[in-house]
Amino acid sequence: MSKSDYLIKDLENVITGIDGEIKKIDISRLTAPGENYMSLVFRVDVQVEKDGKVETVHAVAKRLPTVIKMDFNAVAMRHEIKWYSEIAPLIKEFGQEYGIDTDFYPECLGSRLSMDTTKTNADEESVLLLKNINPDGFKNFDRIIGFDYRTAKAFLRTLATFHSIPLAMKFKKPEHFKIIKKYLESVLNDAALLDPPKNTPPNGSDTKAGGAPDIHMSPRITYEKMLEMPACQPYRANIEAMKEANKDMRDALFTPADEPWATMVHNDSWVNNIMVKLRGEEEPLVKMVDFQICTYSSFAKDLVLFLLTSVQDDVQREHLDDLLRYYYDQLTSKLEKFNIPELKLSYSDYLKELEKVAHAGEMAHVIFFVNPVFAEKGKVSDFLVGEGDMAEALHLMINNLGERQKQKIAIIMELAVKRNWA
């Protein structure tokens, strides 16, 4: 990717809250290939002068890929810009009114859907600017390893807040809740997001008309590979049942939920979308990022995805039930403050909700996600700048699972079968 591709037009008129004169803007690539599949992410350092003193504003810019053109990515970009501009302020206002800490996402420093004000979708000039929280001590954990017990609990506490606010708003602020629900459900109406790109034909099956790889069929393809794995033989009946159910990525991403437990779900709650600030003996601080495919569904979606893909192996085996109980205690304690009779959740009903959501499509989501989450570092092409074809590469990745991917799949099946999630 050339330096000229780093240019963000008219950036000084996008960024907000600048007190002084912008003297210089430095832009560099932030994330490595394989760490982000939806948008190009840049580090943006803005030097600002005021009263003879120069300070630096640290920001992150998200843009659409400049080489490959994907409607899927454009819809996701529009969805996230709207989350920060319209939904986050409602969440913050509700938190202030009810004394809830809503500081679980980075501050938005500005956004632009397009330089063409007549457009209603994102394009190559779209940009979302967020505060860079790396200098404040927030970091991503290694996706291959995952979260330890302490930081997993810290995230679950934050996740319970994220889920509880829209649940409470249904009854306490119904007019604001309607706005949030309409936004969350709008993603279901966009055919582009429900039909991700399928570009170059691979050498193999599982393609749509014209030979293009069908990403939606990725879970089923993975099930077939799982049936060949010695470690998965004890779970053959379960894998066959999952394959027969034929849950594709549409089911996985956009599973409807029954009331009253439908809420705002992140829908992409894996380790790379969670930033943690460790503070010695104090509890870690957590912020969530990438609100690109948030939807209206059960809280259980985020919980199942996170616990099965983003927690260390030994923590999963030794403490998964403890973590499930911890999230339940956090969610119910937060909801109890609102004294809403309709939101009383017993532990047995909570476990049933997890089972239902896992079977309805979230296990397919998990199984697909094992492929990119545990892909070998340094081996993933830079799809976002045109190095290779994403659809074909994912297809080949699934058909050539690495040892770490196989190992994690076996652990996931062991845990899921034990809890009747598969």
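Start with helix α1, residues 71–98, which lies across β3, β4 and β5 (127–131) and runs at about 45° to β5. Keep in mind that this is a predicted model.

**Stop 1**

Select the strands next. They form an open sheet of five, in the order β1-β2-β3-β5-β4, with antiparallel pairing. Which strands are the edges? They are β1 (21–29) and β4 (108–112), each of which pairs on one side only. Look along the sheet to see the twist: it averages 25° from one strand to the next. As background, strands of a sheet pair through backbone hydrogen bonds, either parallel or antiparallel.

**Stop 2**

Zoom in on β2 and β3. Over how many bridges do β2 and β3 pair? The count is 11, in the antiparallel sense. Pick Q47 and find its bridge partner in β3, T56. Then move to E49, whose bridge partner in β3 is V54.

Continue to the turn. The hairpin of β2 and β3 has two residues between the strands, and D51 there takes a positive phi near 55°. D51 sits in the loop between β2 (40–50) and β3 (53–63).

**Stop 1: β3 against β5**

Follow β3 to its other neighbour. β3 and β5 pair in the antiparallel sense over four bridges. Select A61 and look across: A61 stands opposite L129 in β5.

**Stop 2: the aromatic cluster**

The whole structure holds 24 aromatic pairs. Select W83 and Y84. Why is this pair called edge-to-face? The ring centres of W83 and Y84 are 5.1 Å apart and the planes stand at 80°, so the pair is edge-to-face; the cut-off for that class is over 60 degrees. Both residues are under cover: W83 is buried at 0% relative accessible area, and Y84 is buried at 5%.

Now select F104 and F162. Their rings also make an edge-to-face pair, with 5.8 Å from centre to centre and 90° between the planes. Where do the two partners sit in the chain? F104 is in the loop between α1 and β4, and F162 is in helix α2 (residues 149–172). The pair links distant parts of the chain, 58 residues apart. F104 counts as buried, at 3% relative accessibility. F162 is buried too, with a relative accessible area of 1%.

Show the whole group together. W83, Y84, F104, Y105, F162 and F291 form one aromatic cluster.

**Stop 3: a charge over a ring**

Jump to R325 and Y347. R325 lies over the face of Y347, at 4.2 Å from the ring centre.

**Stop 4: a cis peptide bond**

Select E259 and P260. What kind of peptide bond joins E259 and P260? The bond is cis, with omega at about 5°. P260 lies in the loop between α7 (249–253) and β6 (262–265).

**Stop 5: the end of the chain**

Go to N420, in the segment after α12 (403–418). Here is another positive phi in a residue other than glycine: the value for N420 is near 60°. How accessible is N420? N420 counts as partly exposed, at 38% relative accessibility.

**Last view: the whole protein**

Zoom out. The protein has 12 helices and nine strands. Of its 422 residues, buried ones make up 55%. Finish with the surface. The protein exposes about 17,900 Å², and carbon and sulfur atoms supply 48% of that area.

Terms used
Residues are numbered from 1 along each chain as its sequence is written. This is a predicted model: local features need pLDDT of at least 70, side-chain atom pairs count only at pLDDT 80 or more; totals for chains, interfaces and linings use all residues. Side-chain values use heavy atoms; hydrogens and water are left out. Buried means under 20% relative accessible area, exposed over 50%, partly exposed in between (1.4 Å probe, protein chains only). Accessible areas come from the Shrake-Rupley method with a 1.4 Å probe; for residues, only the protein chains shown count as cover. Two strands pair if DSSP finds at least two bridges between them. Axes are lines fitted to C-alpha atoms, for helices over the stretch in contact, and angles run from 0 to 180 degrees between N-to-C directions. Contact means heavy atoms within 4.5 Å. Rings of Phe, Tyr and Trp (its six-membered ring) pair if their centres lie within 6.5 Å; planes under 30 degrees apart count as stacked, over 60 as edge-to-face and the rest as tilted. A charge sits over a ring if NZ of Lys or CZ of Arg is within 6 Å of the ring centre and within 35 degrees of the ring normal.
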